[in-house]
Amino acid sequence: MGHADATYWAPAVTAFDADGGLDRDGNVAVWDHVLGGGVDGIVLMGSTGEFFAMRPEDKRELIDLAVEHVGPRGDLVVGTSCLRVDDTVELSRYALDAGADAVIVISPFYFALDDASLEAYFSAVAGQVDGDVYLYNFPARTGHDLSAEVTRRLLRRHPNVVGYKDTVLDVGHTRGLLTALLPEFPEFRVLAGFDENLHHVVTSGGAGAIGGLANLYPEICAAYARAVADGDAAAIAAQQRRIDVLMGLYTLGTPFFPLLKEGMVRRGVALGRHCTPPHHPATPEQVDALVALMERVEAMP
């Protein structure tokens, strides 16, 4: 899958029309832009893709569309998380049967879960899904952390659990997973959930990153991954500094995906600015800050 040792997947934004339905052409335009920029594949319906606010029928339609358009050109990993185990299993089976390479699953959010509950949830999903499963850890959104110990127990029981997305800014957390798990499971693929941590995670034995900035500047993200894969220190430093500036996008608005869509429209990607209610498009102040950020990055040597 992708580079031997620095995979970069884009958690693609989802294009919606003014009525809240799927914009089929807009989604194809997003994938064309991202894959044309050189990244290794698409994570469909991740957090950046607004999975939590999508209708079940729209999820299935988007999966079918992505299998058709992304499948031949890059990896396709589908976010299938639901609050109920049976719903997650059903959507995971749908995605894998349709032709996705893998599914990625976040634990149920709202009430924080203890370790026994986390293990039971992921074990129930992995045990009922015939295909590759990535675990998705995002403590800022779920209220709990998927520990190395729980992950180890899952790996010993479920060989189809093949990877882990760690969406934490603290790279020490990801390093802890790698040092704990790789000796027993050397093929286990741990990916950074924030773009800026790619280099550190890969040099610590991780597989790469799933980073939202690849929606806006896939060519920068792809160049960063290539530099890391090649071990080119000067190129890594140049791309790292671009990524470091772009990381400012994540703090321009809460949530950040309206800003990604705004920036993509400004780069000429044929999608609308519509997001799932109650999320609104970027404000004029946010747009000004975003434009300044983009101009700064594009002026960098």
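The legends below take a predicted model one close-up at a time.

Residues are numbered from 1 along each chain as its sequence is written, and side-chain values use heavy atoms, with hydrogens and water left out. Because the model is predicted, local features need pLDDT of at least 70 and side-chain atom pairs count only at pLDDT 80 or more, while totals for chains, interfaces and linings use all residues.

**View 1. Eight strands close into a barrel.**
The order is β1-β2-β3-β4-β5-β6-β7-β8, and the pairing is parallel. From one strand to the next the twist averages 25°. Strands (E, at least two residues) and helices (H or I, at least four) are DSSP runs, numbered from the N terminus. Two strands pair if DSSP finds at least two bridges between them. Axes are lines fitted to C-alpha atoms, for helices over the stretch in contact, and angles run from 0 to 180 degrees between N-to-C directions. Strands of a sheet pair through backbone hydrogen bonds, either parallel or antiparallel.

**View 2. Strand β3 (residues 75-79) is largely enclosed by the rest of the structure, because five of its five residues are buried.**
Buried means under 20% relative accessible area, exposed over 50%, and partly exposed in between (1.4 Å probe, protein chains only). D75, V77 and G79 lie on one side of β3, L76 and V78 on the other. Both faces are covered. In a regular strand the side chains alternate between the two faces of the sheet.

**View 3. β3 pairs with β2 and with β4.**
Four bridges link β2 and β3 in the parallel sense. V43 stands opposite V77 there. Three bridges join β3 to β4, again parallel. On that side, G79 stands opposite I104. From β3 the chain crosses through α3 to β4, and this β-α-β crossover is right-handed. Right-handed means that, with the strands pointing away from the viewer, the path from the first strand over the helix to the second runs clockwise. β2, helix α2 (residues 56-69) and β3 also make a right-handed β-α-β unit.

**View 4. Strand β4 (residues 102-106) runs parallel to strand β5 (residues 133-137).**
Four bridges join β4 and β5. The bridge partner of I106 is Y136 in β5.

**View 5. Strand β7 (residues 189-192) pairs with β6 and with β8.**
R189 and L191 point one way from β7, V190 and A192 the other way. All are buried. Strand β6 (residues 161-166) meets β7 over four bridges, in the parallel sense. Here D166 has A192 as its bridge partner. Two bridges join β7 to strand β8 (residues 208-210), which runs parallel. A192 stands opposite A209 in β8. Helix α7 (residues 171-181) forms a right-handed β-α-β unit with β6 and β7.

**View 6. Helix α6 (residues 148-157) has buried residues.**
They are A148, V150, T151, R152, L154 and L155. Their cover includes α4 (115-128), β5, β6 and α7. An α-helix has 3.6 residues a turn, so residues three or four places apart point the same way.

**View 7. Helix α9 (residues 218-230) packs against helix α10 (residues 233-246).**
The angle is about 145°, and the axes are 9 Å apart. Contact means heavy atoms within 4.5 Å. I220, C221, A223, Y224, A227 and V228 in α9 meet A235, I236, Q239, Q240, R242, I243 and L246 in α10. These residues divide into ten nonpolar, two polar and one charged. Ala, Val, Leu, Ile, Met, Phe, Trp, Tyr, Cys and Pro count as nonpolar, Asp, Glu, Lys and Arg as charged, and the others, Gly among them, as polar.

**View 8. W31 sits in helix α1.**
W31 counts as buried because its relative accessibility is 0%. Leaving out residues up to four places away in sequence, W31 touches A12, G36, I42, L44, L62, L65, A66, H69 and V70.

**View 9. G37 lies in the loop between α1 (24-36) and β2 (41-44).**
G37 is buried, with a relative accessible area of 17%. Not counting residues up to four places away in sequence, G37 touches P218, E219 and A222. G37 and N215 are 178 residues apart in sequence and 9.4 Å apart in space, C-alpha to C-alpha.

**View 10. S92 is placed in helix α3 (residues 85-98).**
S92 is buried, at a relative accessible area of 0%. Leaving aside neighbours within four places in sequence, S92 is in contact with T80, V103, V105 and V129.
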